[in-house]
Each structure stands twice: as structure tokens, then as C-alpha cells.
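Reader: Please walk me through how to read the main features of this model. I would like the general idea and then the case at hand.

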Amino acid sequence: MSRESNKKGISRTFQLKPIKFSELKAGNDMTLTQLMAIFADACPTVGSRMDVTGLTLASGETVPQLCTFFNNYQALDEKTCVFEIWSYEPGLIPQTLTPDPNMANAVTDNLPAGDEDDSESNEPKKEFIHIAHVLAFGQSAIVESTRSTGGVNNIQRYLNKMSRRMGLGRGGNFFFTDAVTKKLTQEIDRAGGGCRFYCRGNQR
């Protein structure tokens with residue numbers, strides 16, 4: 001049997017997450033799609049979208065622990081967009097793999113694919129950069145669950161921090177909630193519908 005036929009398929013888990021924005025006296029019709037369009041216009045490079053969290057020592061020095069930024073944003077229509085949330089631990093990632101802050105989007109071309117001799121090993125390969133794909137539509141989003149680096153909670157924290165950085169006030173603040181129905185099509189309709197999204201270049 002060929003080595004190609006022995007390769008296992010990639011298994012990914014996605015969560016359906018309705019979105020609730022802060023209520024204002026004058027009303028608040030903000031959506032995540034609108035929010036991401038604001039971020040994309042204001043932050044054209046990886047560096048401008050980067051958020052670094054860390055541990056503050058007694059001396060006042062901050063040790064970076066987690067870097068997060070959004071990448072490969074694409075508006076599909078006025079209600080729908082896709083983007084990725086990249087996160088990594090700066091103390092663990094090799095310098096040669098650190099995303100270039102001057103680029104419009106970080107690329108995965110230089111991420112290690114592993115030696116062929118290791119392809120049959122049962123040892124898990126370490127991921128230096130964790131990438132979560134997000135499809136935002138209406139008042140909901142489908143978020144890819146990823147291991148480590150905070151998952152959905154880190155995505156929510158990061159995007160709310162970006163809103164504060166943009167000076168959007170409480171109008172740009174939101175939180176993910178749990179779906180009110182287990183039926184995906186009903187939740188999509190309830191959230192205002194969606195157009196389509198792309199995953200790794202293939203239309204879905």
C-alpha cells in the first residue's frame with residue numbers, strides 16, 4: 001500500500017456561535033461582518049493587527065506569552081465575510097517562522113511540513129502557529145475550534161480589544177453565545193442568512 005493511501009484525513013470541529021453586541025440606548029445594529037470591514041480598512045498589515053498579551057513581572061517588565069492577529073480577511077457580500085485568527089507563543093516559535101509584520105497577510109509557505117521519514121510516526125507534530133477559520137454572517141458566526149491558545153474565548157477577547165483600539169466604544173463590544181437550535185439551517189436563517197464561504201480556495 002502506498003504512503004499516500006496511508007495518510008489520515010484532516011478532522012476539524014466547528015462551532016455555531018450566535019453573536020450579541022452591547023445594547024445602547026440609541027440602538028446597536030453592528031454585526032461582526034461590519035466590524036471586520038472596519039478593522040480591515042484601518043489595519044492593512046499584520047503588524048497593525050497584532051495583539052500581544054503577556055505576564056507582568058514584579059519588576060514591571062512584561063514577558064510576551066501570546067501573539068494574535070486576524071489574517072486573510074475576505075468580504076463575500078454585505079452580510080458575510082471570512083477570515084482567520086492566527087495565534088502563536090513568541091517564546092516557542094522559531095525566528096524564521098515568525099510572521100512578517102510588514103506583510104498584508106502572513107503566509108504558511110514557510111511552515112515546516114515535516115520529514116518524510118516522520119510521516120508514519122505516531123508522535124504528534126508540534127504546531128507553532130494555530131489558525132482558526134471564521135465565517136461571519138448576519139448575527140452569527142461559525143468558528144473553527146483549535147487546540148491551545150485560548151480557542152473561541154481568545155478570538156472574542158482579541159476582537160473586542162481591536163474594537164477598543166479603533167475607538168468604537170461599547171457599540172463594537174460583543175460576545176459569543178450558544179446556539180438556540182441544533183439545526184444549522186434554522187440558525188443561519190435566524191441570523192439573517194449567508195451567501196457562501198471559501199475554505200482553502202474551494203467554494204462551499
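**Cores, sheet and confidence**

Author: The largest nonpolar core has 35 residues, and Leu32, Phe83 and Leu159 have the most contacts inside it. A nonpolar core is a set of buried Ala, Val, Leu, Ile, Met, Phe, Trp, Tyr and Cys residues joined through side-chain atoms within 4.5 Å. Buried means under 20% relative accessible area, exposed over 50%, and partly exposed in between (1.4 Å probe, protein chains only). At least two core residues come from each of strand 1, helix 2, strand 3, strand 4, strand 5, strand 6, helix 4 (151-165) and strand 7. Helices (H or I, at least four residues) and strands (E, at least two) are DSSP runs numbered from the N terminus. A second, separate core of 6 residues includes Leu16, Leu76, Leu135 and Ile142.

Reader: What conventions apply?

Author: This is a predicted model, in which local features need pLDDT of at least 70 and side-chain atom pairs count only at pLDDT 80 or more, while totals for chains, interfaces and linings use all residues. Residues are numbered from 1 along each chain as its sequence is written, and side-chain values use heavy atoms, with hydrogens and water left out.

Reader: Which residues of helix 2 are buried?

Author: An α-helix has 3.6 residues a turn, so residues three or four places apart point the same way. In helix 2, the buried residues are Leu32, Thr33, Leu35, Met36 and Phe39. They lie on the same side of helix 2 because they cover an arc of only 155° around the axis, taken from the directions from the helix axis to the C-beta atoms.

Reader: What is the strand order in the open sheet?

Author: Two strands pair if DSSP finds at least two bridges between them. The open sheet has 7 strands in the order 2-3-4-5-6-1-7, with antiparallel pairing. Strand 2 (51-56) and strand 7 (174-176) each have a single partner strand, so one side of each is left without a neighbour in the sheet. Strand 3 (residues 62-77) and strand 4 (residues 80-88) pair over 8 bridges, and Asn71 stands opposite Glu84 in strand 4.

Reader: Where does pLDDT stay under 50?

Author: pLDDT is the predictor's confidence in each residue, from 0 to 100. Where pLDDT is low, the predicted coordinates should not be read in detail. It stays under 50 over residues 1-9 and over residues 113-125. The chain has a mean pLDDT of 81, and 72% of its residues reach 70 or more.

Terms used
Contact means heavy atoms within 4.5 Å.
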